[in-house]
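Please look over the sequence and the structure shown here. The report that follows goes through them by topic.

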Amino acid sequence: MSNQDFREFDPEDDKTVDISDEVIQEVTGHEDNNNSKNEKKDDKPIEFCYMCHRPDTITGPLIKMAPGMSICKDCMQRTFDTMGSFGFGGGDNSKNNVDMNKMPNISFLNLGSLFGEGPKIKNAHGYGATKDKEDRPVPAIDINNIIPPHKIKAMLDEYVVGQDYAKKVMSVAVYNHYKRVATGTMDDIEIEKSNMLMLGPTGSGKTYLVRTLARLLDVPLAITDATSLTEAGYIGDDIESVVSKLLAASGNDVERCQQGIIFIDEIDKLAKKKNTNQRDVSGESVQQGMLKLLEGADVEVPIGASSKNAMVPTTTINTRNILFICGGAFPAMDEIIKARLNKHSSMGFMADLKDKYDDDKNILQKVTVEDLREFGMIPEFIGRLPIVFATEMLDEDMLVRILKEPKNAIIKQYQKLLELDEVKLEFDDGALHAIARKALDKKLGARGLRSIIEEFMLDIMYEIPKDDNIGQVIITEDYIEKKGGPKILVRTTGILPEKAAAQ
């Protein structure tokens, strides 16, 4: 038997390499120079892999598949890897429709663990590197990389106009929260969560503040509406569904989910009903059900679905390090605050005027825990939201700044849209103030700005693609007040006026 009859198959690169003469002699008992036959070292017969034809003296113990058919662990592992690449368990299944991991009673093993080699991971050099401490993922939050409060507020200033007090409160609360997440305990003193309760009129930027904050911090965010929540067992979303939305927002990554932010809007709709004899399943009962969730508890949530059922896998999420921010407009809260402030009003020289606070637009900033209890929030719920603050009412000047100052201001968005048609769009100051006054009249806050601009930009956006001669559009106050039309400048050279001036 010649050397060419024994060639080793390498499953990693599909190449054959020669085995040394010493290995051939050890396997066959033949000497290469004179082919003399020697006795075998033991009586156990040598077995060969059915796929790569290597002897068990090289591959190690073979796996018995059928009588006369044995496969080495390398070939078996490569078979599983090939199946995984086509969607049959493991591998990248993003382009396949079959995922065996989600089918019951089917699982795939790493064969290295059967032979005492420990779990194998696939690194830059392929399989074969044993997982150790250096390969384990590092913590998601490092105490040295947490953004300080002044930098968080500076980043918020680029996108949110005004609300300086609210941005300062949120920056400090988020900074302390993620310090707590990164350290866990400090000198064996457990730091409590910095959950927040944010009050403010509609359109004052409560949701926008939270969404911008989560984007700047690069943490998963789930925004849910409290009006859809009901007590467990009744029609509506369970309280745990808010955690399920956060898990979906984090890409079903449990570790990332447990360090995210949940914003529960319209929290004022959970106030307990007054003068009712029926069970309050969507008010006080939901507040009671959320107590453990706000404090920190293990919640079993479905993966990839919005409700629990037997056909959907579930996982356990610990809410101890999830930051909860609750927000609401709290209508009629101003009357409760005024009643408390006017409690000392009486006859005499030291009496307060009963209409003293009627013109105070930011009276919500004077809210106290007693006012929240009077509104209908239970004390246990308020106690788990230790940071209470209110946003400011937007005035005309703030609305004008919102129109033009932020990085993604509404005016800049429409200017970009017309720039794609090679048309320059401008708004004069009178037009901006007219738009702000109309938004104030609608009492929609900043949310009403876009609807107003959309109304006046409709005809312009419709006519510009029809006429290639339009080079510049100026929105005037008369156009917003419906006393005239916008100024249309016709291009003379076929390009924008500013480009023509540059040439």
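Leu417, Leu420 and Met461 make a nonpolar surface patch of about 280 Å². Met461 belongs to helix H17, residues 447-463. Its relative accessible area is 30%, so Met461 is partly exposed. This is a predicted model.

## Overall make-up

The protein has 19 helices and 18 strands. Of its 503 residues, 38% count as buried. The accessible surface comes to about 29700 Å². Carbon and sulfur atoms account for 51% of that surface.

Take the contacts between residues at least 6 apart in sequence: 61% of them join residues at least 24 apart.

## The nonpolar cores

The largest nonpolar core holds 43 residues. Which residues have the most contacts inside it? They are Ile262, Ile267, Phe330, Met333, Leu372, Met377 and Phe381. Leaving aside neighbours within four places in sequence, Ile262 is in contact with Ala222, Val242, Val243, Leu246, Ile322, Leu323, Phe324 and Ile325. A second, separate core has 32 residues. Leu394, Leu399, Ala431 and Ala434 are among them.

## Ile267, a buried loop residue

Ile267 sits in the loop between strand E11 (261-265) and helix H9 (284-289). Is Ile267 buried or exposed? Its relative accessibility is 0%, so Ile267 counts as buried.

Its contacts, not counting residues up to four places away in sequence, are Leu197, Ala226, Cys326, Gly327, Gly328, Phe330, Met377 and Phe381. One of these partners, Cys326, is itself buried, with a relative accessible area of 0%. Ile267 and Ala329 are 62 residues apart in sequence, yet their C-alpha atoms are 8.4 Å apart in space.

## Cysteines

How many disulfides does the model contain? The count is zero. Cys49 is in no disulfide. The nearest cysteine sulfur belongs to Cys52 and is 3.6 Å away. A disulfide would need the two sulfur atoms within 2.5 Å. Cys49 is buried, at 2% relative accessible area.

## Salt bridges

Side chains of opposite charge can pair when their charged atoms come close. The whole structure has 21 salt bridges. One of them joins Glu266 and Lys269, at 2.6 Å from N to O. Glu266 is partly exposed, with a relative accessible area of 25%. Lys269 is partly exposed too, at 39%.

Arg384 and Glu295 form another bridge, at 3.8 Å from N to O. Arg384 lies in the loop between helix H13 (379-383) and strand E15 (387-390), and Glu295 lies in helix H10 (residues 291-295), so the pair ties together parts that are 89 residues apart in sequence. Arg384 is partly exposed, with a relative accessible area of 23%. Glu295 is also partly exposed, at 43%.

## A salt-bridge network

Salt bridges that share partners join Lys153, Asp157, Asp164 and Lys167 into one network. Within it, the side chains of Asp157 and Lys153 meet at 3.3 Å, N to O. Both residues lie in helix H4 (residues 149-157). They are four residues apart, about one turn of the helix.

The two partners fall into separate accessibility classes. Asp157 is partly exposed, with a relative accessible area of 36%. Lys153 counts as buried, at 18% relative accessibility. The cut-off for buried is under 20%.

## Positive phi angles in loops

Most residues other than glycine have a negative phi. Ala332 has a positive phi of about 70°, although it is not a glycine. Ala332 is placed in the loop between strand E14 (323-328) and helix H11 (333-341). At 47% relative accessibility, Ala332 counts as partly exposed.

Glu422 has a positive phi as well, of about 60°. Where is Glu422 found? Glu422 is in the loop between helix H15 (410-419) and strand E16 (424-427). Its relative accessibility is 40%, so Glu422 counts as partly exposed.

Notes. Residues are numbered from 1 along each chain as its sequence is written. This is a predicted model: local features need pLDDT of at least 70, side-chain atom pairs count only at pLDDT 80 or more; totals for chains, interfaces and linings use all residues. Side-chain values use heavy atoms; hydrogens and water are left out. Helices (H or I, at least four residues) and strands (E, at least two) are DSSP runs, numbered from the N terminus. Buried means under 20% relative accessible area, exposed over 50%, partly exposed in between (1.4 Å probe, protein chains only). A nonpolar core is a set of buried Ala, Val, Leu, Ile, Met, Phe, Trp, Tyr and Cys residues joined through side-chain atoms within 4.5 Å. Contact means heavy atoms within 4.5 Å. Patches are made of residues with over 30% relative accessible area and no salt bridge: like charges are joined within 9 Å, nonpolar side chains (Val, Leu, Ile, Met, Phe, Trp, Tyr) within 5 Å. Accessible areas come from the Shrake-Rupley method with a 1.4 Å probe; for residues, only the protein chains shown count as cover. A salt bridge is a side-chain nitrogen of Lys or Arg within 4 Å of a carboxyl oxygen of Asp or Glu.
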